[in-house]
Structure formats: C-alpha cells, structure tokens
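Here are my notes for a colleague who has not looked at this entry before. Please read them with the model open.

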Amino acid sequence: MSKVWFITGSSKGFGREFAFAALERGDRVAATARNTDTLSDLVEKYGDAVLPVELDVTNRDQVFAAVASTHEHFGRIDVVINNAGYGLFGTVEEITEQQLRDQLETNLFGVFHVTQAVLPILREQQAGHIIQISTIGGIVAFPTLGGYHTSKWALEGMTDALAQEVAGFGVKVTLVEPGGFATDWSGASAIVADAHPAYAALHSNMAAMRAQVVLPEPIGFKSAILTVVDAEQPPLRVFFGEGPTQMAPHIYHQRLAEWAEWAHVSNAAEGK
Amino acid sequence: MSKVWFITGSSRGFGREFALAALERGDKVAATARNTATLSDLVEKYGDAVLPLRLDVTDRAGVFEAVAAATERFGRLDVVVNNAGYALIGAVEDLGEQELRDQMETNVFGVLHVTQAVLPVLRAQGSGHIIQISSAMGVATFGGVGGYSASKFALEGMSEALAQEVAAFGIKVTLIEPGAFATDFSSSSVFTAHTHDAYGPLYAALTDPGASAQAPSPDGVGDAILQLVDADEPPLRVFFGEQPTQWIPTVYQQRLETWAEWAHLSKAAEGK
C-alpha cells in the first residue's frame, strides 16, 4: 500500500532526496519548505501525489495547520520526516546567545512542534513512523560546533524517550544519523559566529581538516530511507554513511573506558 | 594552595554538598542561590571564605555580574560548578512548549551564560576547571523524561565540544553524571501540567514511590568532587553513584549492536 509522507525542509539536500524517493515509487508526499517555489518542479512532475506546503517549522501554529491540512488532504500520515535544520559554526565562547536560541528553535523546537502535531493522528491510526534527521554530531562532538551539537544531542535525548513512550501505540521512531555529505549544510545553509582571536589557531586547524576531506554524495539516500520506512522493526538509530560506523564505536569505547577508569569516584559519591 | 570555587545552585542538594566540601578543607567559595537567605548558615560558619551571591542563572546580565564580583573578591577562579538545574517530567506529547523552554533556559542557557562569563577569566589565568552537573539521563533515557534528557543531552554535546576548544588554554572540563540520589531533587522537579490519559500507565510507573526509595544518600559527593578537582588529568565524563556504571554500558552496548546490525544500510546511503 502506498504511504503518505510529511517531510520538512524539502527544498534541497536530504529532504529533497527523501521526497523524490517516496514520489518515484508512487507514495504521496506533503513536502514542506519555507518557500514553496522551490517545490514547483516536484509538483510539475508528480502532480496530485505531492502537496506543497509553505512552512517555517519554528512557527508552531503554522506547523499544526500544515499537519492538519496534510491529514485532511491525504486522509492519513504514515511517515513523518523531521528534516529541516541547519548548522551553527563557532566555539562555545564565540556563539551568541541569540545564535544558540535560533539553532535550538529550528533543530529542536521545530521537531518538537511537528512531533506534537502528528502524534494525536498517529496514535489514533495506531501506526506511523517518526524519522528525525539527526547526525553523527548528535552522538559525538567536534570543536567549533558546540551550538549545533547542543541542538542535535538534545534531539537525540528527546527522541530516545519519545520512542519508548509511543511504542505501545504502534508508533515507530528512528533517528537517522548521517555523517558528512556533499550538501550545502556547511555552506550557504550554515550560520557562522564572529571569530574571537583566541581561537584563530583552532579555526585554521579545523579549516585545514575540512579542506582535506572529500565528502560523498548522498546518492544512496533514496534507497536507504525506503529501507528504513519499509522495515517491520526499524532501528531507533541508524547511520547514513560509512564514516560514523567506524567513528562512533571508537568513541563509545573511549567513553566506556574512561567511565570504568573513574568508577571508584562513582562509587565514592555514594559513600562506597 | 587553596582553590576558589564558583558554584551555582548552592542552596541545597549537590550544590550545598560541594560548597561544604570546599569550605571544610579551607577553599574559598562564591556560592550562588536564587535566595541568599539559604546560604546564611554557610556564611556564619565560614565567614570570609564564602561569598554569597544572589543569582538566577537564566539572567545573563546577573550571571556576568556575579562572576565579576567573585573574581574581584577572590582574585581568581579555579573551579566553576554549573550545578543549578531541575528536571521536567512528562511524555514528549504532553510537554508544554513553555515548560520545555523553561527547562532549556535553566539547564542549557544558564550553563551557557556562566561558561561564557568565566571563560575570559580562565583563559587569562591559563587554568581552571569547568564542572557541569549533567545526569545519567544526559547519556541514556526512558519514557517520561524526554524534556529533561533533551536539556542534559544538550549540555553533554555542548560540553564535549567545549572541552576540546579550551584544552589548549589549560582549561579542564568535566561532566558529572549522577544517577538517582536521595536529595530533594525530585521534589524540585516540575511535572507537566498537561497529562494526557493515553500516558496514564507511564505516569503511574514514574510516580511509583518504590522507585526512589532505594536511592543512596549524597554524603559522598563532596569527597568525590574533591577527587576530580584535585586530579591532574580529570575525566571528561564521570558517573556519580554506582547505578549508572551498570546501566549505561548496557545501553551503549545496545546502541552499538543496532548500529552494527544496520551498517549495510549506512554504507548503502553513500552508494556502497
């Protein structure tokens, strides 16, 4: 049976790949973007199968209206992809309070709004799949990306709890954690904090590192998301890209080793 | 040499234990609380060694003033303990937008304010130790604490980036991750005002008094933090309490298994 998708941030990048994946196989998609002009080629090609919806995910009322119109239009919602998001570059000392607020507004509160708007529908259907586009940066943290990590780690924590809360309603939850890909995430879409001279060396080191990395194209994203969506028991967490499959276990084992090394202090804290 | 501490949320619980541990061994403490009347017994007993400061960490200007006052009074800052915080309880679907905002305001922005206020001081000194009171629920989570985990996961991600950014300045960063303790932390928790019947069983389980009856007393947390503060190479992460030393490795193992099980898809996402 064909599925109904609700995808935020469908104008470009991963969101666009997901929308094409769904439409190419005959599913129906409510594709949201801040500017629906960016969706006109989708509409031209797939006609009634796509519902273009103007949406800024930071606007809670607009989110609820977009979800309601999608539900009314297609009669159900099967797959919800919280894809809209962007990156904030700067050290923790450099980013402004407002830059961090804006980052959380889109990457955390935007997801929160959509999730709260769709849950009553999914609970009533006793079915549905909420897919959060997180990142390897929601699991590990790199210097000069602390604000971005704040938002994505928060998303991971909220979503992990959510998954346990809604499993009993037949609602599935997946965190898709991409590694680096050749999208404009670190280019035009990013916000960059004003640099503080104390961090000049760090910034030039990071820039040199980034210059050396050749990022893969997200050519397999379409088939990968379909596999996640069609799985009977989808994973709570899944990496997109090979890099994280090597990095994450390495860092997890480092953390486990450090916790074990300091377990005497853990025990001392409760007087043992 | 005696150390100078800046501790937020010193009125009770862990913050008070930390202040007492420092003062009892002759260190100096700028102890902050929203109501300084709660600090009067500390002042009575330790006199000039303690500087009581009225502070709500969500007030950015107030934070900068408090840090300036502490630095002026004691001439330096060695240990900064971001301890002020509370837990929001409720299913993700039930959380009020404002409830989640308030949770982030205290647990994330409060720490951001203090961290940004102390960093110029610590960088100028070429030393200092920032200690974030996180939670085991900043690493793993369960149903009903999605908002709290969002804030504590966020703090973890921000601090892991921060640690790498400031290591070169001689500044250390530690995340303390306590399990449950018999403090009045649970009575300071905020329960969502929007409980929905669908989550009745979840709330019944969360409020089961049997769950917290076994929690250890926090008598040892003062000694434990002294061990961290005095370490030449303190850990980035350390649990307080024995329970997380068992719980978290199990959760980590589960995540590693899920990622490994789906690694074929991770590779497929980049066309491999």
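1. Burial in chain B. The model is a predicted one. Of the 272 residues of chain B, 53% count as buried. Among the contacts in chain B with a separation of 6 or more, 73% come from residues 24 or more positions apart.

2. Make-up and dimensions of chain B. Chain B has 10 helices and 9 strands. Its radius of gyration is 20 Å, close to the 19 Å given by the globule rule for 272 residues, so chain B is as compact as a globular protein of that length. Along the principal axes, the C-alpha atoms of chain B fill a box of roughly 60 × 45 × 35 Å.

3. The contact between the chains. Chain B contributes 72 residues to the contact and chain A contributes 70 residues. On the side of chain B that touches chain A, at least two residues each are supplied by helix H4 (97–125), helix H5 (146–166), helix H8 (221–229), strand E9 (237–240), helix H9 (243–261) and helix H10 (263–268) of chain B. Which of these gives the largest share? That is H5(B), with 15 residues. By residue class, this side of chain B divides into 39 nonpolar, 17 polar and 16 charged residues.

4. The sheet of chain B. Chain B holds an open sheet of 7 strands in the order E3-E2-E1-E4-E6-E7-E9, with parallel pairing. Strand E3 (50–54) and E9 of chain B are the edge strands, and each pairs on one side only. On average, neighbouring strands of this sheet are turned by 20° against each other, direction ignored. At the E3(B) end, strand E2 (residues 28–33) of chain B runs parallel to E3(B) and is joined to E3(B) by 5 bridges. Within this pairing, B:Ala30 is opposite B:Leu51 in E3(B). H8(B) packs on the sheet and touches strand E4 (79–82), strand E6 (128–133), strand E7 (171–178) and E9 of chain B. The direction of H8(B) makes about 165° with that of E9(B).

5. The sheet of chain A. In chain A there is an open sheet of 7 strands, ordered E3-E2-E1-E4-E6-E7-E9, with parallel pairing. Its edge strands are E3 and strand E9 (237–240) of chain A, each pairing on one side only. From one strand to the next, the twist averages 20°. As background, strands of a sheet pair through backbone hydrogen bonds, either parallel or antiparallel.

6. Strand E2 of chain A. Is strand E2 (residues 28–33) of chain A enclosed or open to the outside? Of its 6 residues, 6 are buried, so E2(A) is largely enclosed by the rest of the structure. A:Arg28, A:Ala30 and A:Thr32 point one way from E2(A), while A:Val29, A:Ala31 and A:Ala33 point the other way, and all are buried.

7. Neighbours of E2(A). Strand E1 (residues 4–7) of chain A pairs with E2(A) in the parallel sense over 4 bridges, and A:Val4 stands opposite A:Arg28. E2(A) is also joined by 5 bridges to strand E3 (residues 50–54) of chain A, and the two run parallel. In that pairing A:Ala30 has A:Leu51 as its bridge partner, and A:Val29 stands opposite A:Val50.

8. E1(A), helix H1 (residues 13–24) of chain A and E2(A) make a right-handed β-α-β unit. From E2(A) the chain crosses through helix H2 (residues 40–46) of chain A to E3(A), and this β-α-β crossover is right-handed.

9. Other packing in chain A. E1(A) pairs with strand E4 (residues 79–82) of chain A in the parallel sense over 3 bridges. Which residue of E4(A) is the bridge partner of A:Phe6? The partner is A:Val80. Helix H3 (residues 60–74) of chain A lies across E1, E2 and E3 of chain A. H3(A) runs at about 160° to E3(A).

Definitions and conventions. Residues are numbered from 1 along each chain as its sequence is written. Chains are lettered from A and ligands numbered from 1 in the order in which they are written. This is a predicted model: local features need pLDDT of at least 70, side-chain atom pairs count only at pLDDT 80 or more; totals for chains, interfaces and linings use all residues. The radius of gyration is taken over C-alpha atoms; the globule rule is 2.2 Å times the number of residues to the power 0.38. A residue is buried if 20 or more other C-beta atoms lie within 10 Å of its own, exposed if 12 or fewer, and partly exposed in between; C-beta atoms are placed from the backbone. Two residues are in contact if their C-beta atoms, placed from the backbone, lie within 7 Å. Ala, Val, Leu, Ile, Met, Phe, Trp, Tyr, Cys and Pro count as nonpolar, Asp, Glu, Lys and Arg as charged, and the others, Gly among them, as polar. Two strands pair if DSSP finds at least two bridges between them. A crossover is right-handed if, with the strands pointing away from the viewer, the path from the first strand over the helix to the second runs clockwise. Axes are lines fitted to C-alpha atoms, for helices over the stretch in contact, and angles run from 0 to 180 degrees between N-to-C directions.
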